[in-house]
Amino acid sequence: MDARKQNPGAISGNNKPPRFTIAVFEGDGIGPEIMKPTVALLREISVATGAFSLDFETVPAGATHYAKHGVSLPEESMKTAKEADAILLSAMGMPDIRYPDGTEISPQIELRMELGLFAGVRPVIIQPGQGSPLKVAEERGIDFVIIRESTEGLFASHGKGRINDNISAEETLVITREVSEKLFEFAFNLARRRKETGRGPGRVHCVDKANVFQAFAFFRSIFDEVAARHRDIKADAAYVDAAALWMVQRPQIFDVLVTENMFGDILSDLGAGLMGSLGLAPSADIGSDHAVFQPCHGSAPDIAGRNIANPLAMILSAAMMLEWLGQKSGTAEMQTVSDSLSGAVADVMAAGSAKTPDLGGTASTDDVAEAVLEAFRNRTGTTA
Ligand code: ATP
């Protein structure tokens, strides 16, 4: 392992910006359409700010690749992903391309499992006036984060489910102490960072179904143990059904929600719905050593190939990647660049001039990416 891998982004010479290798999975459907302008934007920003430098390595995977070559995630692609400093992944999977057992092609799930990406971070942010099906969110804005455990829970059963003689079917939910402890530590630390930067009050909700299932009672008991080590952060709990209700009725009460894999899958789509479109919802899947950044949405085959997909979730995911790389490598400037990129997306949303059809506009994918670049230039005074 070279020195840079042990300390990603290490400054290799005097005044040289940190350099990172990014594995890029363009994926299926709208995947390549939203990835291309995002990578172009990142290149422009890195040159203009001089804060970091990125080398992109595009690798194949996904449903279309599986249809052509019989393999959904080639070993070489996995190797590149493991060796990279971060992984940028677009949407993967196509409804009509399936494994022989009928399940969808989901290399992103294999990456999560193989790289131990236990914390699925799903921010739900609505700026006042942004537009949301929720009146309260539109008027006052909301800002909370769902952390979806991403390696076990009901998804531990992925590829292992059983249908018994056409009479019954079984999938098994798994909760482990090891992953749950790491997950809750991650949640409390995130709540603390949000509190320190004025983004949240410092509160974590454990979302479960501890009143019905042993596995969730276990999950909750570990949460309580970890909460006792973080007395400066308020620890709360909510059953998943109540959490869904409150996300609609009282979303302002939430700061950080932490939950099991399947519940997190569902609640993060609800969060995306509150934001007005799946096309606005970014995510990060973070482990101890690796991280994947990808939009919450799927490959949207219904609109693929028309240059009308909303690229903002992909761009916001890229902003999360810059933040994570900055934290990991101790490059404070990358946090500022990440904030400017998210801010540029907010500016474009507020101006309302470049909206793709999912948000009621007529702009193309490329128009929106161009508008974000322009807003970034205006915010930072750079000529990116
Ligand atoms: P998956 O199960 O793979 O997450 P899904 O079943 O949730 O996928 P998506 O592919 O996310 O389905 O699409 C759901 C709907 O949202 C579709 O109508 C699609 O066109 C729309 N959609 C998803 N992403 C975008 C985007 N970036 N821009 C515009 N519309 C989108």
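Reader: What should I know about numbering and confidence before I start?
Author: Welcome! Residues are numbered from 1 along each chain as its sequence is written, and side-chain values use heavy atoms, with hydrogens and water left out. This is a predicted model, in which local features need pLDDT of at least 70, side-chain atom pairs count only at pLDDT 80 or more, and totals for chains, interfaces and linings use all residues.

Reader: Which residues does UniProt list for "domain: Isopropylmalate dehydrogenase-like", and how far apart do the end C-alpha atoms of that span lie?
Author: The UniProt record, an unreviewed entry, gives residues 21-372 for this domain; positions follow the numbering used here, feature names are shortened, and annotations may be inferred rather than shown by experiment. The span is 44% helix and 17% strand, where helices (H or I, at least four residues) and strands (E, at least two) are DSSP runs numbered from the N terminus. The distance between the end C-alpha atoms of residues 21-372 is 23 Å.

Reader: How many salt bridges does the structure hold?
Author: A salt bridge here is a side-chain nitrogen of Lys or Arg within 4 Å of a carboxyl oxygen of Asp or Glu. With that rule, the number in the structure is 22.

Reader: Where do E225 and R177 sit, and how many residues apart are they?
Author: E225 and R177 form a salt bridge whose closest N and O atoms are 2.9 Å apart. This pair links distant parts of the chain, with E225 in helix 8 (residues 214-227) and R177 in helix 7 (residues 177-196), and the separation is 48 residues.

Reader: R203 forms a salt bridge with D236; is D236 buried or exposed?
Author: The closest N and O atoms of R203 and D236 are 2.6 Å apart. The pair links distant parts of the chain, R203 in strand 8 (residues 203-208) and D236 in strand 9 (residues 234-239), 33 residues apart. Buried means under 20% relative accessible area, exposed over 50%, and partly exposed in between (1.4 Å probe, protein chains only). R203 is partly exposed at 21%, whereas D236, because its relative accessibility is 19%, counts as buried.

Reader: What separates E374 and R377 along helix 13?
Author: The side chains of E374 and R377 meet in a salt bridge, 3.1 Å from N to O. Because E374 and R377 are 3 residues apart in helix 13, the separation is about one helical turn.

Reader: Which element gives the largest share of the negative patch?
Author: E44, D366, D367 and E370 gather in this patch of negative charge on the surface. Patches are made of residues with over 30% relative accessible area and no salt bridge, with like charges joined within 9 Å. The largest share, 3 residues, comes from helix 13 (residues 365-380).

Reader: A300 has a positive phi; where is A300 found?
Author: Most residues other than glycine have a negative phi. A300 has a phi of about 40° although it is not a glycine, and A300 is partly exposed at 22% relative accessibility. Its place is the loop between strand 12 (291-293) and helix 11 (312-329).

Reader: What is the phi of N307?
Author: N307 is also in the loop between strand 12 and helix 11. At 28% relative accessibility, N307 counts as partly exposed. N307 is not a glycine, yet its phi is positive, at about 55°.

Conventions: Patches are made of residues with over 30% relative accessible area and no salt bridge: like charges are joined within 9 Å, nonpolar side chains (Val, Leu, Ile, Met, Phe, Trp, Tyr) within 5 Å. Accessible areas come from the Shrake-Rupley method with a 1.4 Å probe; for residues, only the protein chains shown count as cover. Lys and Arg count as positive and Asp and Glu as negative; His and the chain ends are not counted. The place of a charge is taken as NZ of Lys, CZ of Arg, CG of Asp or CD of Glu.
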